[in-house]
Number of protein chains: 2
Amino acid sequence: MRKQAKISNAVIRRLPRYRRYLNELRKKGVDKISSNELSQLTGYTASQIRQDLNNFGGFGQQGYGYSVDGLYNEISAILGLDREYKMVVVGAGHLGQAIVNHTYYYKTGFVVNGIFEVDPKLIGTKINGIDVMNYEDLVEYVEKKNIDIGIICTTKDVAQEVADKLCFAGVNGLWNFAPVDIETPAHVAVENVHISESLHSLAYHMSRTGERKQQRSRKK
Amino acid sequence: MRKQAKISNAVIRRLPRYRRYLNELRKKGVDKISSNELSQLTGYTASQIRQDLNNFGGFGQQGYGYSVDGLYNEISAILGLDREYKMVVVGAGHLGQAIVNHTYYYKTGFVVNGIFEVDPKLIGTKINGIDVMNYEDLVEYVEKKNIDIGIICTTKDVAQEVADKLCFAGVNGLWNFAPVDIETPAHVAVENVHISESLHSLAYHMSRTGERKQQRSRKK
């Protein structure tokens, strides 16, 4: 097993982006890449990239750069993407449907096995070929199928209850899209996705761009 | 106009989270809060919080803490959330529908005015009361209605083309959900949302949790 010191969340959040660009390079048949070239692609500084990858022991050779395939495989292993994950989605509304359709196209190892709902109109239907089942049967299903990840696409008010049920049933991770921070026992990892935070960040950058435009026009 | 130095993206990304918690405190009628209390709520360290807020001149008083209302309003103004944004969605598939339904519930000042599609089966329908229009009419609509933000919910292969069209028509910001990094002219802000990166980050934390569990059981 790989020995790792505790790595900061900020670094972990950059790894998928490195991996995505490395994957594009692999597809183009590129063999090696320097941290400067990775910098131009990803928008992070070269020193940031070298520092990030040093957390994992480097992989680079001075004067040669990084092996694209090697780095891609190492980052995949670090991120735990060298195995398959079984997932269930709770909530078959628009968001749940979007997630099911989205993950379907990853083709990477994250497989939605079942969808759970309380709405009787949806129970018994299929989304992308995947059964929509009764929420009452969630715990039994997760236990029996050894589900790894629960994806929460419910409203804010029931999200924690759904999370508790999924943890009780034995998932190891929760991917939460309800607009609330879910809490889990220490052995269950959780990612709370707050889509609105990215919209607010956009608004900030837009207002800054607007200020720059005004300042420029005043200087004229 | 507020005078600001350039603030790092990492800080900007934490502000919406501060704001979200402050909003919850406001609703509960809480008047003031210390950086230690904010730390417990948000999970960031108190010194991180003080440092972040110092970027904007502080707002805190020693021994008193922060005014919840004051800090909420200041962060809202910094993020540019003290005004209304007109938005269009391009792509009325599951993701587009989820976004329309999601933003509908923000009730904050981000309003979807129209949705654009190429699929003739969808053109002419309504989602959440909002018209789905022909993609061919996008530029004219954006110009006429002074749309601020374009939300891209298309496939990867057409996303940049859609972005170019939106920029040409005069939007100031793009919120991109297609799994590719969109490029824009300097005066147009862009947020590329990569939902899969958050899933990969979850997988990492799950594999770390798994390692800790194995290490623990081996020690026994």
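These notebook entries record what I looked up on the interface of chain B with chain A and on some side chains of chain B.

I worked from a predicted model, in which local features need pLDDT of at least 70 and side-chain atom pairs count only at pLDDT 80 or more, while totals for chains, interfaces and linings use all residues. Residues are numbered from 1 along each chain as its sequence is written, chains are lettered from A and ligands numbered from 1 in the order in which they are written, and side-chain values use heavy atoms, with hydrogens and water left out.

**Interface.** I looked up the contacts (heavy atoms within 4.5 Å) and found 61 residues of chain B against 63 residues of chain A. The two chains bury about 5800 Å² between them, 61% of it on carbon and sulfur atoms; buried area is the accessible area (1.4 Å probe) that two parts lose on being put together, summed over both.

I then checked for salt bridges, meaning a side-chain nitrogen of Lys or Arg within 4 Å of a carboxyl oxygen of Asp or Glu. The rule finds six across this interface. One of them joins Glu197(B) and Arg20(A), at 2.8 Å from N to O.

Helices (H or I, at least four residues) and strands (E, at least two) are DSSP runs, numbered from the N terminus.

**Tyr18(B).** I counted eight aromatic pairs over all chains. Rings of Phe, Tyr and Trp (its six-membered ring) pair if their centres lie within 6.5 Å; planes under 30 degrees apart count as stacked, over 60 as edge-to-face and the rest as tilted. Tyr18(B) and Tyr44(B) are edge-to-face, because their planes stand at 80 degrees, with ring centres 5.7 Å apart. Tyr18(B) sits in α1 and Tyr44(B) in the loop between α2 and α3 of chain B, so the pair ties together parts 26 residues apart in sequence. Tyr18(B) is buried at 1% relative accessibility, where buried means under 20% relative accessible area, exposed over 50% and partly exposed in between (1.4 Å probe, protein chains only).

**Trp175(B).** The rings of Trp175(B) and Phe177(B) are also edge-to-face, with centres 4.8 Å apart and planes at 70 degrees. Trp175(B) is buried at 0%, and Phe177(B) is buried at 3%.

**Asp52(B).** I found Asp52(B) in helix α3 of chain B, buried with a relative accessible area of 2%. Leaving out residues up to four places away in sequence, Asp52(B) touches Val11(B), Arg14(B) and Tyr18(B).
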